[in-house]
Amino acid sequence: MAILTISRAVASMGDEIAAAAAERLGYRFVNRKDIERRIVELGFPEEKLRKYDEKKPGFFASLTKDRDEYLDFLQTAVLEFASENNCILIGRGSSIILNDAPNHLAFRFIANDTVRLERLKAEFNWDSKQAMKRIRESDANRKGFHKSFFNYDIENPSLFHLVINTGLFDIDGAAKMIADTVYGFITPEKEAAGQRRVEELLIGQRIVNMLILDYHLNISFLRAVISGHRLVLHGVAESAALVEQAVSVAASELPDYKVESAISIVQDFKAYPQ
């Protein structure tokens with residue numbers, strides 16, 4: 001019926017509520033480890049995950065091709081899980097990746113610092129200083145991750161269909177609110193339109209992966225936007241020859257689509273230090 005995405009502050013019971021909502025709805029809960037495992041299966045080195053996974057990349061890590069490859073694999077993994085429908089995905093920018101799917105509902109869980117502090121102290125037997133350090137680091141990492149990779153402020157409530165303060169609601173109450181929102185919002189028409197949109201997004205992402213990872217075309221910030229049977233490539237390339245090759249490959253792979261280019265040509269453009 002729907003694709004749900006969860007954004008959560010640390011110690012806001014995001015995983016627990018997501019699991020309870022999945023059980024209530026009969027959905028698959030796609031957790032952090034599921035997404036990480038799929039990113040590695042797609043080809044991203046496991047030892048490099050810690051540089052990028054739900055944290056702002058360091059200065060040098062943000063200037064390497066690994067960063068873009070991580071994002072391509074992350075988006076592919078999220079879209080693959082979403083294509084199965086009836087699932088709940090947690091974190092990793094999934095709410096932004098699936099933003100325009102009509103059967104997508106985005107939720108965010110928050111709680112004030114006092115509540116989160118006490119939860120962390122109880123869970124890990126920490127003192128207040130240790131717990132507050134964890135809160136500050138986690139909040140900064142998650143905000144930095146979404147700003148760096150998606151240019152979004154993840155704390156902006158307008159990005160979500162529903163923001164739940166878990167200092168006021170218990171796990172079962174929050175899970176019920178989520179289920180009620182799904183039943184009240186998702187229609188068969190939205191479900192069908194959402195499935196089509198996710199399929200388009202996944203086709204576009206796979207074309208990007210092919211051009212960058214298989215054909216090794218040096219096109220920076222490459223995106224493939226599909227609307228109906230029209231695919232438009234966006235990005236920055238050094239030459240018209242690269243653009244022509246990208247269009248030719250995409251058209252060959254998708255003969256039923258009209259493939260066009262909106263790629264900017266900037267001579268001597270270097271996205272990464274040489």
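## Exercises on a predicted model

Leaving aside residues up to four places away in sequence, Ile39 touches Phe44, Leu49, Tyr70, Phe73, Leu74 and Ala77, where contact means heavy atoms within 4.5 Å. The structure is a predicted model, in which local features need pLDDT of at least 70 and side-chain atom pairs count only at pLDDT 80 or more, while totals for chains, interfaces and linings use all residues. Residues are numbered from 1 along each chain as its sequence is written, and side-chain values use heavy atoms, with hydrogens and water left out.

**Exercise 1.** Determine which residues of the largest nonpolar core touch the most other members, and which element gives the most to this core.

*Solution.* Begin with the term: a nonpolar core is a set of buried Ala, Val, Leu, Ile, Met, Phe, Trp, Tyr and Cys residues joined through side-chain atoms within 4.5 Å, and buried means under 20% relative accessible area with a 1.4 Å probe, protein chains only. Next, among the 28 residues of the largest core, Ile39, Tyr70, Leu74, Leu89, Leu98 and Phe150 touch the most other members. Then consider the elements: at least two residues each come from α2 (32–42), α3 (49–52), α4 (65–83), β3 (87–90), α5 (94–97), α7 and α9, and α4 gives the most, with 9 residues. Helices (H or I, at least four residues) and strands (E, at least two) are DSSP runs, numbered from the N terminus. Finally, another core, of 24 residues, lies apart from this one and has Ile17, Ile178, Ala179 and Val182 among its members.

**Exercise 2.** Describe how helices α6 and α7 cross.

*Solution.* The axes of α6 (residues 113–124) and α7 (residues 128–150) come within 9 Å and cross at roughly 115 degrees, where axes are lines fitted to C-alpha atoms, for helices over the stretch in contact, and angles run from 0 to 180 degrees between N-to-C directions. On the α6 side, the contact is made by Asp113, Arg116, Leu117, Leu120 and Lys121, and the residues from α7 include Ala131, Met132 and Ile135.

Note on methods:
Buried < 20%, exposed > 50% of the residue type's maximum accessible area, 1.4 Å probe, protein only.
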